[in-house]
Amino acid sequence: MNRRDFFTASALAAVGLAGLRVAPVKAAGSAGTGLVAAREFQIGDATVTALSDGFLPIDASALIGIDAEGFAALLADAYLPGPTHPTGVNAFLVDHGGRLTLIDAGTGTAFGDGLGHLVSTMTTLGLDPAAVDAVCATHLHPDHIGGILTETGNPFANATLHVNEADLAFWGDADIKSKAPAEFQGFFDMATGAVAAFGDRLMPFTGESDLGAGLTAMPLPGHTPGHTGFMLSSGDDTLLFFGDIVHVGPVQFPRPEVTIGFDVDTEMAAATRARVFDMASADRLRIAGAHVSFPGVGFVEAESEGYRFVPQSWQYG
């Protein structure tokens, strides 16, 4: 753990927070949209439902290793207008072997009205959050665990919470919190509050742990100390939920060395991203990203320089 990188990243993140509280969008299923931001598909015998929590508009100031001009050029190459990128916040519900597992829990009220739609989307689809058996958190940032903290209590009232021990230790460390910028200390409070909401249903893990129902934890450190992916295997099919390996797809797929101010260890985050991209492209591995444009599922293809994202085709039938 390079704590100097953490404090540098914290300062950058604190500066960028104000820019994230913009661009409200209608909640999924709200009057006038006629749409619910969800997509269901199969991985072997498992049914996976991608659920949109909303989006965060991110601009070049939040990233490290690219300037505003380069950022705008890459967005233009992807036929996106800029100067901000509407970064999706996605969660994924896995129904496998009679067990319901939620990968990440959305933002709740952490970032304003443009987000926090996960529970309402589930309800609109007839999915009861209380029926979820397990919540697997890729890490303990607010946009992944904020949905646990509601005015009426934890909506996933019967679920276990699975989190990497390294993230639990980091976000629960009062000394690290005390040295972080004031604007960033709320991240620590939300992390410990979300964990506490599960009481004795907290299930810490380390390394490549078998979490049941075809899910295996895969350590992907850098963004946070315990940042973790989850590999779903069913029959001959696999899917890697890779969390925050990517935040701005049009930039970081072609330029994987570009990092974001929320990374605790920027060098490790970039190295982990390069490793995951190399593995996914070489193995033709399907991935699901928390911040890849909804539904966030597809493939990574190597190019002469960098990579590109190939969205999964719609599954007919």
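This is a predicted model: local features need pLDDT of at least 70, side-chain atom pairs count only at pLDDT 80 or more; totals for chains, interfaces and linings use all residues.

Tutor: A residue counts as buried when its relative accessible area is under 20%, as exposed when it is over 50%, and as partly exposed in between. Thr-259 has a relative accessibility of 3%, so it counts as buried. It sits in strand E13, which covers residues 259-260. Leaving aside neighbours within four places in sequence, Thr-259 is in contact with Leu-63, Ile-64, Gln-252, Thr-266, Ala-270 and Arg-273.

The largest share, three residues, comes from E16. In total 17 residues line the pocket, and Ala-78, Gly-249, Pro-250, Phe-253 and Phe-309 lie nearest its centre. By class the lining divides into 10 nonpolar, four polar and three charged residues.

The largest cavity has a volume of about 110 Å³. Its lining is made of 13 residues, and those nearest the centre are Leu-56, Asp-143, His-247, Phe-262 and His-291. Strand E2 (46-58) and helix H4 (142-145) each supply at least two residues of that lining. Seven of the lining residues are nonpolar, four are polar and two are charged.

His-96 lies in strand E4, residues 85-96. Its relative accessibility is 14%, and His-96 therefore counts as buried. The side chain of His-96 reaches the backbone oxygen of Ala-213 at 2.8 Å. Not counting residues up to four places away in sequence, His-96 touches Asp-45, Ala-46, Ala-213, Gly-214, Leu-232, Ser-233 and Ser-234.

Gly-289 is in the loop between strand E14 (287-288) and strand E15 (297-302). At 0% relative accessibility, it counts as buried. Its contacts, again without residues up to four places away in sequence, are Asn-90, Phe-92, Phe-242, Gly-243 and Gly-296. One of these, Gly-243, is 46 residues from Gly-289 in sequence, with 5.4 Å between the two C-alpha atoms. The loop between E14 and E15 also holds Pro-295. The peptide bond from Phe-294 to Pro-295 is cis, with omega near 5°. Another cis peptide bond joins Gly-82 and Pro-83, with omega about 5°; Pro-83 is found in the loop between H2 and E4.

Most residues other than glycine have a negative phi, and most peptide bonds are trans. Asp-104 has phi near 70° and is placed in the loop between strand E5 (99-103) and helix H3 (118-124). Its relative accessible area is 3%, so Asp-104 is buried. With a relative accessible area of 72%, Arg-284 is exposed.

Beyond residues up to four places away in sequence, Thr-192 touches Trp-171 and Gly-172. The C-alpha atoms of Thr-192 and Gly-172 are 6.2 Å apart, and 20 residues separate them along the chain.

Last, the chain as a whole. It has nine helices and 16 strands. Of its 317 residues, 52% count as buried, and Thr-259 is one that does. Among contacts with a separation of 6 or more, 71% are between residues 24 or more positions apart. The chain exposes about 13,100 Å², and carbon and sulfur atoms supply 54% of that area.

Technical notes:
Residues are numbered from 1 along each chain as its sequence is written. Side-chain values use heavy atoms; hydrogens and water are left out. On a 1 Å grid over the protein atoms alone, a cavity is a set of points where a 1.4 Å probe fits but cannot get out, and a pocket is an open set with protein on both sides within 12 Å along at least five of seven lines; lining residues have an atom within 4 Å of a point. Grid points are joined across faces, edges and corners, and a volume is the space filled by probe spheres set on the points. Helices (H or I, at least four residues) and strands (E, at least two) are DSSP runs, numbered from the N terminus. Ala, Val, Leu, Ile, Met, Phe, Trp, Tyr, Cys and Pro count as nonpolar, Asp, Glu, Lys and Arg as charged, and the others, Gly among them, as polar. Buried means under 20% relative accessible area, exposed over 50%, partly exposed in between (1.4 Å probe, protein chains only). A polar contact is a pair of N or O atoms within 3.5 Å; within protein, one must be able to donate a hydrogen and the other to accept it, and residues adjacent in sequence count only if both atoms are side-chain atoms. Contact means heavy atoms within 4.5 Å. Accessible areas come from the Shrake-Rupley method with a 1.4 Å probe; for residues, only the protein chains shown count as cover.
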